[in-house]
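Dear colleague,

I am handing over the structure below, and my notes on it follow directly after. Please read them with the model open beside you.

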Amino acid sequence: MMFAIEKINSNPYILPNTSLGFEVQNVRHGQRRTLVNLFGLFSGTGYALPNYRCSRESMSAAVLTGPSWAITEYLGTLLDLYKFPQLSFGPFDTTLSEEGRFSSLYQVAPKDTYLTLGIVSLMLHFHWNWVGLFIIDDHKGAQILSDLRSELGKNGVCIAFVEMILTIRGSFLTTPWKNQVQILESSANVIIIYGDTDSLLSLIVNIMQKLVTWKVWVLNSHWDHSTFDNYFLLDALHGALIFSHHNEEINNFTDFIQTANPYKYPQDIYLHVLWHSFFNCSFFGEDCKIVDNCLPNASLEFLPGNIFDMAMSEESYNVYNAVYAVAHSLHEMTLHQVQFQTLGKGKEMVFFPWQLHPFLKNTQLINHAGDQMVLDWKMKSQAEYDILNFWNFPKGLGINAKVGTFSPNAPEGQELSLSYHMIQWATGLTEIPQSVCSESCHPEFMKTHREGEAACCFDCKQCPENEISNETDVEQCVKCPETHYANTEKTHCQHNNLTFLSYDDPLGKILNFISLGFSSLTVVVLGVFLKHRDTPIVKANNRHLSYILLITLTLCFLCPLLYIGHPSTVTCILQQNTFGLLFTVALSTVLAKTLTVLIAFKITAPGRMRRWLLIARAPNFIIPICTLLQVVLSGIWLATSPPFIDKDAHSEHGHIIILCNKGSAIAFYCILGYLGILAIGSYFMAFLSRNLPDTFNEAKLLAFSMLVFCSVWVSFLPVYHSTKGKVMVAMEVLSILASSTSLLGIIFGPKCYIILLRPERNSLHHIRDKTYTTRKTLKT
């Protein structure tokens, strides 16, 4: 204020022949005491009579109030009654202007419309999504809390806690926080403080007392850190980030501060106290003034920054502008009076403070820093902010370093600008601190929210099978198309490779070799039987049925070839139907062989029935009858739900397996059931014929072969259902080969042994000797 007034008084172009003066009143605690000094302003010094002017001295032109909006509101209640011009140099309060309660109030500070946006932009820039709030408990705090909740919520930033601070203005007395333990132990490492310096004084003291050095404080005011230095450590606020209105530097202000001393301004008691405290001056206590013994050439610039900050604060800048606004308004009013009124020679101009309002409302000027100043709140432009970083380590450094800016008028995405290398974080932190409720979910994971907690608190769950996430913090994984599969990291979908049980596959080669090998072996056995067709062992048990069985087994061994290679509609249909038909013929042949033996030895009743069954060769009709039933079942299957080509994208990672779908599982199991009935029937017949007196009775071999056959297919069912893809196809092929091998090896193995290795036993002479020996034994 003194600097601005001196510049105006030295300027011949503003209020020529007129000098500005000022009077400073200390605002006491409490609303009642705050208003007491105003009555002296209205009535005159030494008087306090409402509605009376008792002093002959001229009345002040305007009143500057601040820094808190509470002080402005208290004083404005009385000043507005007298239409007395009031200029507030504290933070802009929208409610004081928009509601029309104070028609005589002019707020010098710019609007803070985009302050919340700036704070949120800072949170997003550093990926801080878990923050705490300390908000002054008044109407301004309620408004900013509402704005912050809305803006933070829209941008995915969660509030860990909200602490409304009820304080006594200007008081160092601390009040405990309601949730003190919760706040100190909170995982929110970033805390936003909103309020003016004067009102939140006790909060800052409380923070310092508790030495909360691990938090990052984001403030909306340029704090006067020198206020606390004599009482508390400042390390707790080291690294704080402060949003301060952008102000250009005022020329010559630093020179003015450097030359200020008690001798130049003897009425400034504060200067006398400083000189006495730091420059060893003698002090006369009653008048609060220094006497002598001071250091020569002492200056305020010699004091450290934590004792006396020579930089112009936001409030000081607003005071400077307010003084110039009043001076220009007085100048305009003077010109107006000179133009429209005739003054007597030597008469002093007289005006009332309320006459200044029209000129204050229209004030639009450019100050010495080049900034435009407008008092009409409707015409105010949006403020730009400097982001300051408070450096106070080691103790006493006390520097507010500019590390960035926030300009709401900048292009989208460029509003916030920061210099990382200049930022000093809280004591003990060397990297950008983290403030999150939960660590980010990396690609391959998705978020699962914790019930009853904020949206920022979640757990990370790995994406399900064949789903991916290639970004952080995704809400839902994306399912890969059927033609694609998720890579091992589950971050990308890749094309599936088409595969099937091919001849080039190692498993396909093995099965192919086994199939061709056993089919060739069966042909060899058939050749042996044909070559020795007139021998007793071949003629026993109906050699024609043996030929049919060997031919059928040869085809059974070749049947797996339909399962190997690229599936087609034809092969899919032939697979199951050929398998069912061939095994039906094989099992019905076995049934016919057992039935032949049983008819020959078990039918004891004499007569035409026995002769007719043997002469008519009744067992031979079993094969076509059983085969016809199988054909009917296959026809129903093909008519209702035939097999078709299918794709299996789930069994083998990264591959789409082409295979044959059976169409109707019921039809497939009906065929297996039918084959089981034939096998059990054959086993039962063979079991009844096992002890019949016959030299080459193969009933025991047939019974054992049926037992093995049934065991193979009973074991097949659970294994078949527990496998997928190519393995499932291979299991069916192995079951076909195993069951066919059991029939070939058990039924024809012993006979081939006798034919090839023991030919002497395959003769009539051997049979007669064996029969004679048997009879002799029975007689004995």
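**Disulfides and other cysteines**

With a relative accessibility of 8%, Cys477 counts as buried, where buried means under 20% relative accessible area, exposed over 50%, and partly exposed in between (1.4 Å probe, protein chains only). Please bear in mind that this is a predicted model, in which local features need pLDDT of at least 70 and side-chain atom pairs count only at pLDDT 80 or more, while totals for chains, interfaces and linings use all residues. Residues are numbered from 1 along each chain as its sequence is written, and side-chain values use heavy atoms, with hydrogens and water left out.

Cys477 forms a disulfide with Cys463, the two sulfur atoms being 1.9 Å apart; a disulfide is here a pair of cysteine sulfur atoms within 2.5 Å. The torsion about the S-S bond of Cys463 and Cys477 is about -75°, so this disulfide is left-handed. The pair links distant parts of the chain, 14 residues apart, with Cys463 in the loop between strands E17 (458-462) and E18 (467-468) and Cys477 in the loop between E18 and strand E19 (478-479). Helices (H or I, at least four residues) and strands (E, at least two) are DSSP runs, numbered from the N terminus. Cys463 is likewise buried, at 3% relative accessibility.

Cys437 lies in the loop between strand E15 (416-418) and strand E16 (445-449), and Cys457 in the loop between E16 and strand E17, so the pair ties together parts that are 20 residues apart in sequence. Both Cys437 and Cys457 are buried.

Cys572 and Cys660 also form a disulfide, again with their sulfur atoms 1.9 Å apart, and with -80° about the S-S bond this link is left-handed. It connects distant parts of the chain, 88 residues apart, since Cys572 is in helix H16 (residues 569-602) and Cys660 in strand E24 (residues 655-661). Cys572 counts as buried at 0% relative accessibility, as does Cys660 at 13%. Cys559, by contrast, is in no disulfide, the nearest cysteine sulfur, that of Cys556, being 6.8 Å away; Cys559 is buried, with a relative accessible area of 2%. Cys710 is partly exposed, at 22%.

**A nonpolar surface patch**

Tyr683, Phe684, Phe687, Leu688, Phe704 and Leu707 make a nonpolar surface patch of about 550 Å². Helix H19 (665-688) and helix H20 (699-722) each supply at least two of its residues, and the largest share, four residues, comes from H19. Phe687, which has its place in H19, counts as partly exposed at 36% relative accessibility. Patches are made of residues with over 30% relative accessible area and no salt bridge, nonpolar side chains (Val, Leu, Ile, Met, Phe, Trp, Tyr) being joined within 5 Å and like charges within 9 Å; a salt bridge is a side-chain nitrogen of Lys or Arg within 4 Å of a carboxyl oxygen of Asp or Glu.

**The chain as a whole**

The secondary structure comes to 22 helices and 24 strands, and of the 780 residues of the chain, 48% count as buried. Among contacts (heavy atoms within 4.5 Å) between residues at least 6 apart in sequence, 66% join residues at least 24 apart. The chain exposes about 39700 Å², of which carbon and sulfur atoms supply 58%; accessible areas come from the Shrake-Rupley method with a 1.4 Å probe, and for residues only the protein chains shown count as cover.

With best regards
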